[in-house]
Amino acid sequence: MPKLRIRGLRKSFGDLEVLRGVDLEVESGEVLAIIGASGSGKSTMLRCINILEDYDHGTIEVDGEPVGYTVDTNGNRRKRRERENELLRTRVGMVFQSFNLFPHLRAIENVTLGPIHVKGESRADATARGRELLAKVGLEKKTHEHVANLSGGQQQRVAIARALAMNPSLMLFDEVTSALDPELVGEVLQVMRSLAEEGMTMLVVTHEMHFARDVADRMVFFADGTIVEEGVPRDLIDRPRDERLQRFMRRFSAIS
Amino acid sequence: MNIIIQNAPYLLKAAGNTLWLSAVSLGISLIFGTAVGVLAAFRFWPVVILNQIGVYSVRGIPLLVVLYFIYFSLPLIRVDIDPYSTAVIGLSLYFTFFISEVVRGAVISIPRGQIDAGKSIGLSFWSRVRLVILPIASRTAIPPLINVAIILVKGTSYASVISAWELTTASTEVAQRTIAPFQVYGFALFLYFVICFALTSLARSAERRLGFQH
């Protein structure tokens, strides 16, 4: 069974159809890079997987379990109960472009909030594990720092630790280095690289082609709300077939 | 001066009642105002409608008239309560909808992503409200809430018209008895000022403690 299976995913915002039938399967332990122009639907797909966005048609399954909606044998779609979706969200970790740390909490409290209040772990256990996770992302010295005092790269690493604290089996990264100063990008990518090496299943929406080429097992290119090309990263990057991907890649080589 | 010294215990006791009336009404309107404000911010439609009605009402009706209305209409529906409770009901109702607007504004100004992050780690709606939304909203809500609290304290003086015994009622009694309105009301306004000044200072320090590091 694949870790993630998406079939015929469609989603509109008002009159604008942003996802026009996405099919995707991701195996356990696989690292998938997702590229495409802004507005092509990649972020929306991630948000649907984490049930931060409703979707209109199709199915999403994580470990074979339907996410957001259930479909019965007659094809009737029913929204899952909020409690069920909350549990499903904990199995999927999400890291956002704009970090979205809780600004009223310290680094360690950001990491332990979920384990304490969702999983019901004791504060002591959650804190011990939180310290380990902060050490893992290289921030053991910032454990008790208020998050506003951290650099962008440090904030994003706290956000990764916060997501990992729920022990997700699938991690979603939504352009996590796009809001960072260039010199801070490397530290975040390094954390993601080691996560990939540990065998985490990852969906990475990114514009970092070097990272995608090195770390991703597979790459998909989004255009106009669907996946138009798919393969190993170096093929897509060096030998794009689809005309839209060729144009997309030319813009990249022009700036780098 | 003698008049004030002689009557100070009585007036201070009345000021204590003003404080109680303020604290109880503020407490009740904070609870309801926060609940209404949060649910209205999330477009829970029955509450949105309730909030709209309440907000337009309190903006359009003087507190004094609200207190008169409750005081004289409750007996008509055979509800018999003391003036003090009537004042609590009137003040709480009135200020709930000032507070709900403050809270609603503070909640909708929270970056959407921070609420998404709370969802993403699996927090339920009420956990998100308690652990993420209210703590973040309190940062922006506290200065305007101090304002509301101060207006409420001063609003308790209207309770004198429905003969709830508090500082203004007591001052009027003493002023009439002693025929020294200048000294008595002078002392009363000093006491009101002290209460409101203390409230401002208290709230400022709370704001500093709740304040986030920048």
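This is a predicted model: local features need pLDDT of at least 70, side-chain atom pairs count only at pLDDT 80 or more; totals for chains, interfaces and linings use all residues.

## A strand on the inside

How many of the five residues of strand β10 (residues 201-205) of chain A are buried? Five of the five are, so β10(A) is largely enclosed by the rest of the structure. (Buried means under 20% relative accessible area with a 1.4 Å probe, protein chains only; strands are DSSP E runs of at least two residues, and helices H or I runs of at least four, both numbered from the N terminus.) T201(A), L203(A) and V205(A) point one way, while M202(A) and V204(A) point the other.

## Its partners

Strand β3 (residues 31-36) of chain A pairs with β10(A) in the parallel sense over four bridges, where pairing takes at least two DSSP bridges. Here I34(A) has V205(A) as its bridge partner. Strand β9 (residues 170-174) of chain A also runs parallel to β10(A), joined by five bridges, and L172(A) stands opposite L203(A).

## A helix pair in chain B

Over in chain B, helix α7 (residues 167-178) and helix α8 (residues 181-210) pack at about 165°, axes 8 Å apart. Axes are lines fitted to C-alpha atoms over the stretch in contact, with angles from 0 to 180 degrees between N-to-C directions. α7(B) and α8(B) are therefore roughly antiparallel, the word for angles over 145 degrees.

Residues are numbered from 1 along each chain as its sequence is written, chains are lettered from A and ligands numbered from 1 in the order written, and side-chain values use heavy atoms, without hydrogens and water.

Technical notes:
Angles under 35 degrees count as roughly parallel, over 145 as roughly antiparallel, 65 to 115 as roughly perpendicular and the rest as oblique. Buried means under 20% relative accessible area, exposed over 50%, partly exposed in between (1.4 Å probe, protein chains only).
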